[in-house]
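Biologist: Before we discuss any terms, may I see the structure?

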Amino acid sequence: MVTRRADLSVSGLTVDLGSGPSRARPLENLSFTGGDGRLVVVCAPSGRGKTTLLSVLAGLLIPTQGSINFAGRELALSSRREMLQHRRHCVGLVFQSFNLIASLDAVENVMAPLLMTGVRQSVARRRAAELLSGMGLDHRLHHRPGSLSGGEQQRVAIARGVVGDPPLFLADEPTAHLDQAQVGAVLTLLRSLVRPGRLVLVATHDARVVQVADDVVDLTAPC
Ligand SMILES: Nc1ncnc2c1ncn2[C@@H]1O[C@H](COP(=O)(O)OP(=O)(O)OP(=O)(O)O)[C@@H](O)[C@H]1O
Ligand SMILES: [Mg+2]
């Protein structure tokens, strides 16, 4: 089996959103690269297009212009089916607001993406529990999100994003609403996800995250 390098190249990316008076262009002519086995931090103040960029990289939003090449494939030229494949098999995404399912416990939340790709229930459960235990959450496996701290919820969300072993792991503001101790644990965890065959890209306005970066993409002014 040929393993593709998780190299990312973004070139001339422009994104327009909305229409009429609510029209916005959060990204204009953005270019950067990110290499396999590296942690790239995309840094910008609020409202400068971080979530927009992650949505495009995840294949959830189609850009107005520009090229995104990941692992040798051009996203802009992909068919709908290929985009779906990209979302399902290439991308792990941690949303800005965790987006955990309130009625499911931690293990069930982490199992969910595996079940969607056809992994057997017992295998998915075991893999999710092992991953969460490795993240120091073995005593929280059967807690629902409402009874987890913000830092614990963030670790569950990260586990859910990475459980399918995606070559592109995207995290949107993973330190927002966390205290200093929780931030340290989440940054250590994000750093531990970096390995050959994977690119980790974190969007943030938090200068503390820059400390763990291999490369920094500054969308506008310094953080
Ligand atoms: N659907 C939309 N229609 C019109 N404008 C939008 C839409 N979604 C986002 N925007 C605008 O695009 C800009 C960038 O939004 P985005 O959410 O990407 O910023 P951000 O850097 O992630 O901000 P934050 O740090 O607050 O999360 C903002 O000005 C926002 O108001
Ligand atoms: Mg955002």
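**The ligand, the metal and a strand**

Modeller: Around ligand 1 there are 15 residues, and the closest are S46, G47, K50, T52 and Q96. Please keep in mind that this is a predicted model.

Biologist: What makes the side chain of T52 a polar contact of ligand 1?

Modeller: A polar contact is a pair of N or O atoms within 3.5 Å. An N or O atom in the side chain of T52 is 2.6 Å from an oxygen atom of ligand 1, so the pair counts as a polar contact. For K50, the side-chain distance to an oxygen atom of ligand 1 is 2.8 Å, and for E173 it is 3.5 Å. The protein buries 62% of the 640 Å² that ligand 1 exposes when taken alone.

Biologist: Which helix gives the most to the shell around ligand 1?

Modeller: Helix α1 does, with three residues. Both β2 and α1 supply at least two residues each. By type, the shell holds four nonpolar, eight polar and three charged residues.

Biologist: How do you know that T51 and Q96 coordinate the magnesium ion, ligand 2?

Modeller: For this metal, a donor is an N, O or S atom within 2.8 Å. The atoms OG1 of T51 and OE1 of Q96 lie at 2.0 to 2.4 Å from the magnesium ion, so they count as donors. T51 lies in helix α1 (residues 50-57) and Q96 in the loop between β6 (91-94) and α3 (106-116), so the pair ties together parts that are 45 residues apart in sequence.

Biologist: Why is T51 called partly exposed?

Modeller: Buried means under 20% relative accessible area and exposed means over 50%. T51 has 36% relative accessibility, so it counts as partly exposed. Q96, at 40%, is also partly exposed.

Biologist: Why is strand β1 described as largely enclosed by the rest of the structure?

Modeller: Seven of the ten residues of β1 (residues 8-17) are buried, so the strand is largely enclosed.

Biologist: How do you know that β1 pairs with β2?

Modeller: Two strands pair if there are at least two bridges between them. Six bridges join β1 to β2 (residues 24-34), and the two run antiparallel, so they count as paired. L13, for example, has L30 in β2 as its bridge partner. The two strands form a hairpin with six residues between them, and G18 in the turn has a positive phi of about 70°.

Biologist: How many bridges join β1 to strand β4?

Modeller: Five bridges join β1 to β4 (residues 65-70), and these strands run antiparallel. The bridge partner of S11 in β4 is S67.

Key:
Residues are numbered from 1 along each chain as its sequence is written. Chains are lettered from A and ligands numbered from 1 in the order in which they are written. This is a predicted model: local features need pLDDT of at least 70, side-chain atom pairs count only at pLDDT 80 or more; totals for chains, interfaces and linings use all residues. Side-chain values use heavy atoms; hydrogens and water are left out. Donors are N, O and S atoms within 2.8 Å of the metal (3.2 Å for Na, K and Ca); water is not among the atoms, so sites may look incomplete. Helices (H or I, at least four residues) and strands (E, at least two) are DSSP runs, numbered from the N terminus. Buried means under 20% relative accessible area, exposed over 50%, partly exposed in between (1.4 Å probe, protein chains only). A residue is near a molecule or strand if one of its heavy atoms lies within 4 Å of it. A polar contact is a pair of N or O atoms within 3.5 Å; within protein, one must be able to donate a hydrogen and the other to accept it, and residues adjacent in sequence count only if both atoms are side-chain atoms. Accessible areas come from the Shrake-Rupley method with a 1.4 Å probe; for residues, only the protein chains shown count as cover. Ala, Val, Leu, Ile, Met, Phe, Trp, Tyr, Cys and Pro count as nonpolar, Asp, Glu, Lys and Arg as charged, and the others, Gly among them, as polar.
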